[in-house]
Amino acid sequence: MTEATYRGTATVAREMELIRRVAAGDRRAFEELYHLYHRRMARFLTRLTHRYDVAEEVINDTFWVVWRKAGDFRGESAPSTWILGIAYRKARSAFRANARRPEENLEVLPDVLTHETPATGAELRDWLGQALDALPVEQRMAVQLCYELGHSCEEIAAIMNCPVNTVKTRLFHARAKLQRLLPQLAEPRTGTAP
Amino acid sequence: MRAPLGHEESWLQLPWLANGRLSGELRAEVEAHVHGCSDCALELEAQRTLCRTLQSPDTVTYAPAPSLRKLLQRLDAEPAPRRETLRRREVRRAWRPPGLAWAATFVLTVGLGLLVAGTYHWSQPLYVTATRPAAAPTVLHVAFERSLPVGEVGEVLQRAGARVVEGEGGSDVFGVVPADTGAAPAGRAQLRALAARLRRDPRVRWIEPLASDAQPEP
């Protein structure tokens with residue numbers, strides 16, 4: 001099943017309510033919120049870092065902040081923007097720390113991940129994964145936040161704490177590079193970027 | 001009226017047209033441009049392919065339970081964060097002035113302090129008293145009834161135990177001291193006692209108050 005990327009009003013209201021309960025110390029609400037976000041954050045972060053242990057660390061660091069700071073959330077942005085903004089900062093720190101470590105192949109931990117039958121288009125996804133690795137981390141994050149998690153330009157700017165035009169510029173460069181690296185994306189094209 | 005969206009801006013907006021997050025007027029403008037621009041139409045297809053590929057189902061299933069267990073253990077091991085109700089927090093925020101207000105309060109306080117100090121300074125007299133405080137009295141000045149004969153004056157003084165050391169000099173005021181002091185100057189206590197004795201006699205019209213009564217005994 002394809003995960004819904006557009007956060008509907010009802011979903012946002014539900015998550016707001018959960019955060020309000022978390023602010024009051026409600027563990028059940030916290031666990032529900034964790035389950036709501038774990039899958040997409042795990043996929044986003046594992047794709048970014050190639051290490052599930054790092055992704056798990058970032059998710060838990062993020063939700064540790066959510067638990068402690070839920071009372072500070074004033075609803076000025078969508079809950080997903082707030083939570084992913086925390087995750088973004090944690091991921092950047094983890095990414096920098098990880099870049100200094102010797103390479104360890106911990107991409108998949110068999111006790112927490114189970115393989116399923118590959119879906120159609122798996123080959124393209126693998127190639128896209130490799131192409132994304134060739135992008136600078138900020139561009140890669142912008143691509144994932146836009147295409148994978150379906151955030152608007154303004155939401156991505158809030159998550160990455162940068163101007164809207166910076167988001168557009170990062171995606172512009174990322175798109176140009178992906179076109180060169182992925183013939184599937186460039187094949188039907190006859191035109192060029194402005 | 002706004003100019004139609006250019007090719008460059010439309011191109012930049014295509015990722016959000018592809019992921020469905022472009023809304024309202026901007027969406028209509030980008031779609032209108034894409035309709036008449038083959039380059040943008042092709043790019044939009046590529047963008048949609050990107051969305052489909054990155055949103056396609058995972059080949060792995062992420063199990064959140066072990067991670068959540070670790071996190072809950074971590075939360076249990078740490079002191080609970082201080083919880084505040086929304087209402088209390090709003091009240092606290094309402095009474096907490098922002099940074100600029102703090103600065104203004106500080107400036108106002110300092111200004112008021114200087115004003116009070118300046119007012120006190122200017123309220124003080126601009127002159128300095130150069131005279132020294134009066135020395136302790138050695139003589140008690142008294143006045144008797146005008147019609148009192150000299151003999152009776154002598155009798156009043158004798159009864160009170162006083163002797164005249166300064167004449168009346170036309171002013172009806174005599175300077176008297178206790179009779180037993182001799183040449184030594186009379187003490188304040190002696191003068192006070194003498195004044196008390198003289199006040200008991202109705203023929204004494206006036207006794208000069210002892211100005212140094214409030215001062216401590218030497």
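**Basis.** I worked from a predicted model, in which local features need pLDDT of at least 70, side-chain atom pairs count only at pLDDT 80 or more, and totals for chains, interfaces and linings use all residues. Residues are numbered from 1 along each chain as its sequence is written, while chains are lettered from A and ligands numbered from 1 in the order in which they are written.

**Entry 1: helix H4(B).** I looked up helix H4 of chain B, residues 64-77, which has 14 residues. Helices (H or I, at least four residues) and strands (E, at least two) are DSSP runs, numbered from the N terminus. H4(B) reaches 20 Å from its first C-alpha to its last, close to the 20 Å expected at 1.5 Å a residue; the expected span is 1.5 Å times one less than the number of residues.

**Entry 2: its two sides.** I then asked which residues of H4(B) are buried. A residue is buried if 20 or more other C-beta atoms, placed from the backbone, lie within 10 Å of its own, exposed if 12 or fewer, and partly exposed in between. Pro64(B), Ser67(B) and Leu71(B) are buried. On the other side I found exposed residues, including Arg69(B) and Gln73(B).

**Entry 3: packing with H2(A).** I noted that H2(A) and H4(B) pack at an angle of about 135 degrees, with their axes 11 Å apart. Axes are lines fitted to C-alpha atoms, for helices over the stretch in contact, and angles run from 0 to 180 degrees between N-to-C directions. In H2(A), Glu31(A), Tyr34(A), His35(A) and His38(A) meet Pro64(B), Ser67(B) and Leu68(B) of H4(B); contact requires C-beta atoms, placed from the backbone, within 7 Å.

Methods:
Contact = placed C-beta atoms within 7 Å.
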